[in-house]
4 protein chains.
Amino acid sequence: MKRKQIQVALIGAGRIGKLHGDNILAQLTEVKLAAVASVPIEAATEWAALRGITRVTENYQELLEDPDIDAVLICSSTDTHAEIIIDAAKAGKHIFCEKPIAASVPRIVEALNAVEEAGVKLQVGFNRRFDPHFAKARELVRAGKIGELHLLHITSRDPEPPPIEYLGVSGGMFMDMTIHDFDMARFLSDSDVEEVYAAGAVLVDPAIGEAGDIDTAVIQMKFANGAIGTIDNSRKAAYGYDQRIEVFGSKGKVSVDNVPESNAVLSSSESVISEKPQYFFLERYQQSFVRELQAFFEAVSENRPTPVTGQDGLEPVLIALAANLSMKENRPVKLDEIRKLYGL
Amino acid sequence: MKRKQIQVALIGAGRIGKLHGDNILAQLTEVKLAAVASVPIEAATEWAALRGITRVTENYQELLEDPDIDAVLICSSTDTHAEIIIDAAKAGKHIFCEKPIAASVPRIVEALNAVEEAGVKLQVGFNRRFDPHFAKARELVRAGKIGELHLLHITSRDPEPPPIEYLGVSGGMFMDMTIHDFDMARFLSDSDVEEVYAAGAVLVDPAIGEAGDIDTAVIQMKFANGAIGTIDNSRKAAYGYDQRIEVFGSKGKVSVDNVPESNAVLSSSESVISEKPQYFFLERYQQSFVRELQAFFEAVSENRPTPVTGQDGLEPVLIALAANLSMKENRPVKLDEIRKLYGL
Amino acid sequence: MKRKQIQVALIGAGRIGKLHGDNILAQLTEVKLAAVASVPIEAATEWAALRGITRVTENYQELLEDPDIDAVLICSSTDTHAEIIIDAAKAGKHIFCEKPIAASVPRIVEALNAVEEAGVKLQVGFNRRFDPHFAKARELVRAGKIGELHLLHITSRDPEPPPIEYLGVSGGMFMDMTIHDFDMARFLSDSDVEEVYAAGAVLVDPAIGEAGDIDTAVIQMKFANGAIGTIDNSRKAAYGYDQRIEVFGSKGKVSVDNVPESNAVLSSSESVISEKPQYFFLERYQQSFVRELQAFFEAVSENRPTPVTGQDGLEPVLIALAANLSMKENRPVKLDEIRKLYGL
Amino acid sequence: MKRKQIQVALIGAGRIGKLHGDNILAQLTEVKLAAVASVPIEAATEWAALRGITRVTENYQELLEDPDIDAVLICSSTDTHAEIIIDAAKAGKHIFCEKPIAASVPRIVEALNAVEEAGVKLQVGFNRRFDPHFAKARELVRAGKIGELHLLHITSRDPEPPPIEYLGVSGGMFMDMTIHDFDMARFLSDSDVEEVYAAGAVLVDPAIGEAGDIDTAVIQMKFANGAIGTIDNSRKAAYGYDQRIEVFGSKGKVSVDNVPESNAVLSSSESVISEKPQYFFLERYQQSFVRELQAFFEAVSENRPTPVTGQDGLEPVLIALAANLSMKENRPVKLDEIRKLYGL
């Protein structure tokens, strides 16, 4: 039996939107990238033309009205995510949305409600879950290879801080950067975070502090299943993108080390010299971007739940809020305290 | 200035031909895959249709006559390579040809002469030179990091032997499998092999011996620059595709280890367990197939020599012949002895 | 000029006392192990006789009165350390004392005062500082290779919990086990811990919880120099003794991984199998025990300060007390709060 | 039952003799180092005095006449080994002798005959068999973990060539340096070498060539069990002592990599920097020297065969002779050709 080809519209054609578009064209041949909505339209039109896509619009609503479109990829700026989710859900389209759903919890809840009412599928773009290295680690954990979870550590350091001007609109390091790690913590532990204690510092660049943000942090987490975990963040690791995890339990541990730029090793009269980790997320997580879309389209065509649900999109935001409060007041903060604030 | 898009015809649409075709479509967007020639035509037509390529023929000559076609990729069966090279050269097309150019030395020479007379470019498909790990190793060697070359070792073991019926037409292990390693030896050493001593054995499967071939070998080489090297081959490594190199010189060494399926490591009460190497050449050398075409098209559009010349296609065949003779007579064989045989 | 041979008396000939004694005999030939004091005397006498040491007594005071004895190694039970330090100091003997100096802060202070008044040297047995791997890491840190310190992590997990009956007298996990890690944190950071936040759990064995202790913990530390650090402890790592460190700063990081039982690696049809870490502290830190004595005797004979001072013996105890309070009250605790309690 | 303490005499107190002596004193407390014979006597006397050994002589015969001496360690210069073995055998002493037994095959045979007639035990000092890493590798091989042996590779490179003046008396690189690797090949393969093909070169230092020796070599071996192997030697690896092995068979492979000076790894903005291998044989094989004596004394006290027999001492010499002939005549040489030369 031949499966009907899924038709998808791309909403937002910035860096990540184009990346998803090219991945569909090159590697997900069972999906058709039927149309692109983007503001402003010019750059997107050129990009699309080179790829044989002629349907480009500034008005995404137009695409939502097309009954041939099965799904949308929302890659526009964060402040538009919730509105587009709500519109797409009402139009009966399945939704892949870049993280975060929204900066505000009530807005996220509103979007999730719209999705639930419409009965469409929603997948949030926590791509690192689809990294083959981390996915293998989780597979081993779920297969019982480490027994009961005791400790979990995530190291997550960027090679360079973002531009200072970006920091003002980023929502702060926990919401902008650590959010991926909060998701990874839930993914690897198969549990929810119940309490966090966060320590932050400005050690990389005083300008980051002046912009009201931090650049270095350690966040401690207590999980619902009794385990304890940490996340370690820096906005600048001199040796490059440092992305490692360790999951320790009653029967052993699983760890994932960095992926070097190449395996060439030079032994000299001074030392043994290996290459640095792959430069940044586009290199390190290249495969994960393809695989997350693959998983989304499989969920759509096989009518199964998506592997990163709306709830998975909400929880890291709550943890980030708890971490912010913890750092501000230098005390452990229970997630329930945050949930109560928002009537959850 | 905008560069004219190169139009390329694919001749032969078997496994490797399709792989090249898909790589062009997905990752070499500056090149246009304009047409496909394949016998029989049916499977190729379906494959091409799914990719929006409508020009498919059983008659490659037809494509050579098209003045819009700039280059051909020859991916047909080995016994057709030389003829197509000669025809394509006469038609003034640039040529990328899968290895080997031909099974017989005179036929290779004939093809190379045709290429030379026509003044077209020829690149032979020794893809491993474009593997980022080995390419980095060579870059370090050429940058003088190991000083003068003293020793060179290539480990090259397959995860599974080919079907026994294939062995009869393979030309023997040295011509079929080691040929890549002979090329790698020349690539890494930046030198020619002057003498070989080869020991072969049937240790993996007696049926391979009954088919007149070997499955295990060690080939020792003396290089023109005075260095000594070895190649170690097995048709079956239980743990998978084993592809390593080591280049040792007066100032140090460069080595490349295998690439594991993932970096996940499990520490259990028994041992510390890592993943096996990537399964076989399609996984291990995935990037090299894209990069060799990239290099070919760059050479064409910038009118530079290709990085794997016709001579680079001939030399490994001569070394394989020397290795066969060495093994048969259990004595070191000079390449000059082979060259004389063919009046080279 | 030939240096006078140092004469040393061993006080306490249990496991660690005998280890030090044998290390002196085998590897510190410039020092003479002149006498042993041990209660009960029988086992010590036999052990000493086999090594040609005939002077064995139950009364360490006797040895302190001997003007030929230059130094003592205090390896008796913890509750006797302070008293023997005070007696030895008064007798003008240099002192190497196993950690901890005492379980109570006032008693430690009393002992340190006695040492200071007597002007003798005191070295506390934080042997891990002398591990060649960690010592090399610190050397790199002090040489400025990682720039300014930002983050520090210590992983410290035992292969097996101690007997339950021992836990009652151990002083709790932070005082008994983490104390080494608190010292390592100070050693690697070259800074003092200002605040701790400790989370503990009973995940390994409920009997440990019934004995009033924990078996799993993560302790977060803020250092005087602004850096943030963590210590991760478990009483039972299924794969063995896990002793790793990572020191991260503005210019890079230094890390030390475990030392495997051997470098033999088996690649099988299932996976790539390495050996587990060396079993426990006697194997892993074997060299450190020799080197700490070497450093002590060098400090004595060259009249330099010892590399692990009395203050270095006191600080980890204060951090452990802060960690206990933090865990009990689930709040960050400043070291100053503990210092004030003891009028320090 | 308490075992009688073995009394041993050390004959020859140069570097290796003193090393063995100190190892006995420090770590083999069940053995008594009763006497030392050394020419000239002065240095040995001082060394012995510091260790409480008062019986020192220039005349080893004197010690052979002492009925209390059970065994001798022959660590004198190579040209004296055979004579002392013969004398010691006649005196009924068990013998541990440094390699090689002698430079000449007939002399070795004479010594082995004397040992056999006397019925005493003889162990030859091929210490690398007792290296814990290589011993583990062999244990895995013998446990069937790699199935049937197919390929074996030994990498053996020194950090520095010996003094040029030494080369004249060394017997040539194969006899002086590769001899250890020939033994390792037999040890790991559990088989005999039947044929060798050796290529040598002078690439490190022309002065070595002028002294009539080589400094770089690759030796290919065919084993009695059908496997093929190589040894790779260099007198100078810029990055230090390179001692690795790989044993490949039908079910997998076992490999042993170098042991670094420490596990500290620095990640900088340039690269990831590890430490070089341990400097030379005294560091790398430290444990093996203790363990070979332990094994010898166990064989003596339990009346079992020694783990490195006289035959194990002879075979590598025959292989070295075959390798010399092979290199000289540039042809493969069967061991039988050498055996016939000596009527073996």
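Helices (H or I, at least four residues) and strands (E, at least two) are DSSP runs, numbered from the N terminus. The views below show a predicted model, in which local features need pLDDT of at least 70 and side-chain atom pairs count only at pLDDT 80 or more, while totals for chains, interfaces and linings use all residues. Residues are numbered from 1 along each chain as its sequence is written, chains are lettered from A and ligands numbered from 1 in the order in which they are written, and side-chain values use heavy atoms, with hydrogens and water left out.

Figure 1. D:Pro40 is placed in the loop between strand 2 (31-37) and helix 2 (41-50) of chain D.

**Figure 2. The positive phi of B:Asn330.** Although B:Asn330 is not a glycine, its phi is positive, at about 45 degrees. The residue sits in the loop between helix 12 (310-329) and strand 15 (333-334) of chain B.

**Figure 3. Packing of helix 6 with helix 8 in chain C.** Helix 6 (residues 132-142) and helix 8 (residues 173-189) of chain C pack at an angle of about 35 degrees, and their axes are 9 Å apart. Axes are lines fitted to C-alpha atoms, for helices over the stretch in contact, and angles run from 0 to 180 degrees between N-to-C directions. Helix 6 of chain C contributes C:Phe134, C:Arg138 and C:Val141 to the contact (heavy atoms within 4.5 Å), and helix 8 of chain C contributes C:Met184, C:Phe187 and C:Leu188. By class, this contact has five nonpolar, no polar and one charged residues. Ala, Val, Leu, Ile, Met, Phe, Trp, Tyr, Cys and Pro count as nonpolar, Asp, Glu, Lys and Arg as charged, and the others, Gly among them, as polar.

**Figure 4. The lining of the second largest pocket.** The lining comprises 48 residues, and D:Ile16, D:Thr78, D:Lys99, D:Tyr166 and D:Asp176 lie nearest the centre of the pocket. On a 1 Å grid over the protein atoms alone, a pocket is an open set of points where a 1.4 Å probe fits, with protein on both sides within 12 Å along at least five of seven lines; lining residues have an atom within 4 Å of a point. Helix 4 of chain D gives the most to the lining, with five residues. By class, the lining has 25 nonpolar, 13 polar and 10 charged residues.

**Figure 5. The rotation axis relating chain C and chain B.** Chain C is superposed on chain B by a rotation of 180 degrees with 0.0 Å of shift along its axis (RMSD 0.0 Å). The two copies are thus related as by a two-fold rotation axis. Copies are superposed by least squares on the C-alpha atoms of residues with pLDDT (the predictor's confidence in each residue, from 0 to 100) of at least 70 in both. Of the residues of chain C, C:Ile273 comes closest to the axis, at 2.4 Å (C-alpha).
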